[in-house]
There are 2 protein chains.
Amino acid sequence: MNFLIIGGDAAGMSAASRAKRNQPDLTVTVLEQTEDVSYSACGMPYNIADTKRDMNDLVVREARVFREKQGIQVLTGHTAQTLHLKRKTVSGKKRDGTGFELPYDKILIATGARPIQPDIPGHDLPGVLYLKNLEQGRNIKAFLQTHPVKKAVILGMGYIALEMCEAFRERDIQVSMIKPRETFLPWMARDLAEMVKEELTSRGVTLYSGSRVTEIRGIETGGLQVVYSEGSLDADLILVATGVVPNSEIAAGAGLELGPGKSIAVDRSLRTSAPDIYAAGDCSDAYHVVTGEKTWIPLALRANRAGWAVADAICGEDVTLEGVAGTAVFKVFDLEVARTGLGMEEAKQAGFDPEEEIIHSRSRAHAHPGSETIRVQMVGDKTTGRLLGVQMVGKEGVAHRINAPAVALSSGMTVARFSQCDLAYAPPFGPVWDPVLTAANQWMKKQQQPLDTVP
Amino acid sequence: MNFLIIGGDAAGMSAASRAKRNQPDLTVTVLEQTEDVSYSACGMPYNIADTKRDMNDLVVREARVFREKQGIQVLTGHTAQTLHLKRKTVSGKKRDGTGFELPYDKILIATGARPIQPDIPGHDLPGVLYLKNLEQGRNIKAFLQTHPVKKAVILGMGYIALEMCEAFRERDIQVSMIKPRETFLPWMARDLAEMVKEELTSRGVTLYSGSRVTEIRGIETGGLQVVYSEGSLDADLILVATGVVPNSEIAAGAGLELGPGKSIAVDRSLRTSAPDIYAAGDCSDAYHVVTGEKTWIPLALRANRAGWAVADAICGEDVTLEGVAGTAVFKVFDLEVARTGLGMEEAKQAGFDPEEEIIHSRSRAHAHPGSETIRVQMVGDKTTGRLLGVQMVGKEGVAHRINAPAVALSSGMTVARFSQCDLAYAPPFGPVWDPVLTAANQWMKKQQQPLDTVP
């Protein structure tokens, strides 16, 4: 059987490896448009921050190893363009401009996502850079090595923008961030977003919110200029990090059903709407564990997990994936910022009757030295008492703390049920009542005014 | 209504405060045999480690505050001795030797636990110290300030023993630890226990396992000597930390039903076998979330939670507590050691058909600097696939990581179900597959030999 995979990063290579392990006589072919497969894309900002690190240390396994040790046909420099459903082939173009057409019995579309390219003059000038694949990461690092970059402007203020902001500051580059929407981290509770904002400004980062960029232009002195609604910003480098879109064109072109944000629609077994065609990773959608509805949240763990699931499915296993909770964490200088499930707005839009509780707690026990503030937002449904989401910000103890509520969301717990979970306690690691439990207790108190009338 | 509480630490004072908040017209009286109420007992080793900290900074709220601000009658220096069920009173002795007898409508026994006193000559010599309540903590700290302590011997190698070992080493005191049983941390997977042992010996701690202490004696030079089966150890201070027993005598004396380890038996609403009598905290038992059976695991969070629950119950609320999972974490020098649920032996004894999987993972992503080893043991039931327990050791990222499986235990998840939970990922905080997920994946792989035959 020919198992053909389009895309050689997290989902694609996970599927390739596992399929070959499951069934060694399988013919597994991977089409990858760049020269890189299987690398830690999320690690790029941290690598770029460090002048001493080689970009290639992010490569988990080289194409050569997949070919020689695992017997997987890895065809790099191959851009898949068209899916021919009837004759079961994929055609496209090689790096040298020649075409190819390859047959499949089962196919996995794992084409990932790409940065949104702003529709403004100058978006393709030298020094205007993007970060999604390793080639782009190398471009940024090479640009920093060959140009005296003193000022960077980042378009966008999402995960990648924030991580790259820290990377630039590590290299002593002035950073301005700009975006059209007024609200900073709009999905976040205001109190928590404010902590992140303060962290950024305390590190000398300038934020321009509510400013629409209209043009990027070169200036005489050799640098660039970002022109926005109220003025302009000089820059030696411009990073465009205004979000990503799924690479779903090949699926759309073949008439496959699309889901939220034009991601490729898949069922719980990762099947697209066409027979023998699967999709996984950042290009495809998923069910949300809280809403039960389709969502598009491109994250690395899901990509790996879905890749494995497809491998098992094409090898004849009966595979069903649970949904995603959108659990994510990122680092903004000294802050850890984490979320799982729904925020207030998302919960309302999903038809819940949400109530939030925001608490301030500590990262260590009463009187234990070195304690830091942890702020937690908990969102629950007033009608059913169900836990809907948690957000958290703090200087320590946030990253892994989000996983307890993430598991609770997976099992559909109420806030009350979650509040009774037996979590760990020791003075160096938290208060007796873990901050997430305190948030749950306070949330319930809010619902039970009749009993707790005295504050 | 008279709500009488015996014991003024975690469970007792939580109950007192909450009952008074719930129902301000309640008469709430607390009998505490020491002079201290409401302090962070678990913080004592860390406080003792630090010569600059005052022991009193562990007091969360002083008796005075409970009396004056909250209207709770706190009677310190009152040792409750006898429960008179028929006339609904408690009698006992005050610090000055005079007696007292107080009436109750509802009573909470929150007498905690006490260190086991070894039945050997010399166990009461000056310099032989115990650590459970704040008085004992002060004694240790005072002893260290007034005596030139260069060598300490700790009897026992449990949580408190290990934490105190670190505290002594912080103060540059040589430490030997001794216990009769050969196996170090017997509840732990050997691989993981070995890491803890190595950490101890790398810090210059000497361990005497399989050595029975037969006598403690004073020596001419003024110090002490621990005599054991094969020799003797000189010591300036001896800490007895060979475990704790519940202070359940007052309950036993009144004919109340006892549970595991002679703890006071309570139902899910914290009621003892006698009407109007509740028990909470380290003196009482609980249901285990995994086995559904009674267990006795004295831990701080449970004590606080049970205290609150009793307060709500006596105020007329219909309260039912979920069980405990025995989730615990402790610090041993640079190591974080955590557990939740059942180990292999416990699982067998509880009638499961357990299988374990031990994996080595990393605390940060591929190629991310500063990564440390994390070792995880996962125990699941072969027959049902149910997750039974997790243990974890590592230099970072262990303490809060244990809480995700703890929540999974609370909801009775299978290993397969847990393996699909959407946990957070970012390179500074872990691999894409969180170590607990890798453990789950590997555990399942072990069960599914038919599919994954090639390694």
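## A helix on the inside

Helix H10 of chain A (residues 403–410) is largely enclosed by the rest of the structure, because eight of its eight residues are buried. Buried here means that 20 or more other C-beta atoms lie within 10 Å of a residue's own; 12 or fewer makes it exposed, anything in between partly exposed, and the C-beta atoms are placed from the backbone. Helices (H or I, at least four residues) and strands (E, at least two) are DSSP runs, numbered from the N terminus.

This is a predicted model, in which local features need pLDDT of at least 70 and side-chain atom pairs count only at pLDDT 80 or more, while totals for chains, interfaces and linings use all residues. Residues are numbered from 1 along each chain as its sequence is written, and chains are lettered from A and ligands numbered from 1 in the order in which they are written.

## Who surrounds H10(A)?

The buried residues of H10(A) include Asn403(A), Pro405(A) and Leu409(A). In chain A, they pack against strands E22 (335–341) and E25 (387–394) and helices H11 (415–419) and H12 (435–447); in chain B, they pack against helix H10 (403–410). Two residues are in contact if their C-beta atoms, placed from the backbone, lie within 7 Å. Just after H10(A), Gly412(A) has a positive phi of about 65°.

Ala, Val, Leu, Ile, Met, Phe, Trp, Tyr, Cys and Pro count as nonpolar, Asp, Glu, Lys and Arg as charged, and the others, Gly among them, as polar.

## The wider contact

Chain A and chain B each bring 57 residues to their contact. On the side of chain B that touches chain A, H10(B) gives the largest share, six residues. That side divides into 36 nonpolar, 13 polar and eight charged residues.
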